[in-house]
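Keep the structure open beside the text as you read.

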Amino acid sequence: MDTSTSVTNSSSFQNSYFILMGLPGIHEWQHWLSLPLALLYLLALGANLLIMITIQHEPTLHEPMYHFLGILSVVDIGLATTIMPKILAIFWFDAKAISLPECFAQIYVIHYFLCMESGIFHCMAVDRYIAICHPLQYPSMVTEASVIKATGFMVLRNGLLTIPVPILAAQRHYCSRNEIQHCLCSNLGVISLACDDITVNKFYQLVLAWVLVGSDMALVFSSYALILHSVLRLNSGEAMSKALSTCSSHLILILFFYSGIIVLSVTHLVEKKLPLIPVLLNVLHNVIPPALNPMVYALRMQELRLGFQRLLRLGGDMATE
């Protein structure tokens, strides 16, 4: 009788909060990682804000390619800000507790911004494909209206299709452990604490990855394969060099982004043996691209570099007046 009562009470109990334990295996000295992570976060904020201000200020940058770049900067700031303040609070103030609603909200926002980043890379790849492979049709096909429509579609697609992830997680029953071996609310980390069946959660996570990110990745690399095929047929070495230079910055970041997702997926297979690796890679994948994207674009795109210089020169002139 006592045993059955105990089981019933245990199954009816629901945790009201989770505890984010941080980086598995290095809890004692994980605070030393806070400085490089904080610097990466500040770099991501400052560099992406500079890109947004430069694109807004420079009339020569009011083109579809730079509009997509500005949207990518907004997404990068949102992604980094979703996770970094909580991670730094864990490392600096030992603020490990997070309520269930906050945790589910973080799951949603992380999935939304990651899918948005993938979607914007998709739009940028199509933009470059039309610009290089169909240059005469580019002005009529890629307009400000088409940029707004493409962005709106990505916002709706990612906003709606990622909603089931936190909803399914919130429907699970968390009746025993509440310690998440992570710095953030990872969907798989959270649902692993559930007392009931999580098959539907895992299935939808897999479907979301293949349908959204997988289709974006396939279309992105198809676009660049067609671009490469078109560029290699050019007779002019100068035109070939200009086309490859325009695309190289996009391709570097796209390869880094999708390679990170693939590596992260593979490392989850060895999570039980080496739990630190997937957790650390997950954190780095959410903070390095937002910091890396602006630097790559600033180094590779001359128009953007000139815009930076004019903006900084204008700021210096205003400061001396």
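## The loop at D94

D94 sits in the loop between α3 and β2 (97–99); helices (H or I, at least four residues) and strands (E, at least two) are DSSP runs, numbered from the N terminus. D94 is not a glycine, yet its phi is positive, at about 55°. Most residues other than glycine have a negative phi.

A word on the basis of all this: the model is predicted, so local features need pLDDT of at least 70 and side-chain atom pairs count only at pLDDT 80 or more, while totals for chains, interfaces and linings use all residues. Residues are numbered from 1 along each chain as its sequence is written, and side-chain values use heavy atoms, with hydrogens and water left out.

## The whole chain

The protein's secondary structure consists of 12 helices and 3 strands. Of its 321 residues, 45% are buried, where buried means under 20% relative accessible area, exposed over 50%, and partly exposed in between (1.4 Å probe, protein chains only). Among contacts (heavy atoms within 4.5 Å) with a separation of 6 or more, 80% are between residues 24 or more positions apart.

Accessible areas come from the Shrake-Rupley method with a 1.4 Å probe; for residues, only the protein chains shown count as cover.

## The nonpolar core

A nonpolar core is a set of buried Ala, Val, Leu, Ile, Met, Phe, Trp, Tyr and Cys residues joined through side-chain atoms within 4.5 Å. The largest one here has 76 residues, and F18 and Y174 have the most contacts inside it. Helix α4 (residues 100–133) provides the largest share of this core, 16 residues.

M124 is found in helix α4 and counts as buried because its relative accessibility is 3%. Leaving out residues up to four places away in sequence, M124 touches F68, L72, H250 and Y297. M124 and M65 are 59 residues apart in sequence, but 6.7 Å apart in space, C-alpha to C-alpha.

Y297 is also touched by L69, along with I51, I55, M301 and L304, again not counting residues up to four places away in sequence. L69 belongs to helix α3 (residues 64–93) and is buried, as its relative accessible area is 2%.

## Two buried asparagines

N187 lies in helix α8 (residues 187–191), with a relative accessible area of 4%, so this residue is buried. Its side chain makes a polar contact with the side chain of Q205 at 2.5 Å. A polar contact is a pair of N or O atoms within 3.5 Å; within protein, one must be able to donate a hydrogen and the other to accept it, and residues adjacent in sequence count only if both atoms are side-chain atoms.

N178 is in the loop between α7 and β3 (179–180) and counts as buried at 15% relative accessibility. A polar atom of the N178 side chain lies 3.3 Å from the backbone oxygen of Y17. Beyond four places in sequence, N178 touches N15, Y17, F18, I19 and L193.

## A nonpolar surface patch

On the surface, L156, L160, I163 and I167 form a nonpolar patch with about 380 Å² of accessible area together. Patches are made of residues with over 30% relative accessible area and no salt bridge, joining like charges within 9 Å and nonpolar side chains (Val, Leu, Ile, Met, Phe, Trp, Tyr) within 5 Å; a salt bridge is a side-chain nitrogen of Lys or Arg within 4 Å of a carboxyl oxygen of Asp or Glu. I163 is in the loop between α6 (144–161) and α7 (164–171), and is partly exposed at 34% relative accessible area.
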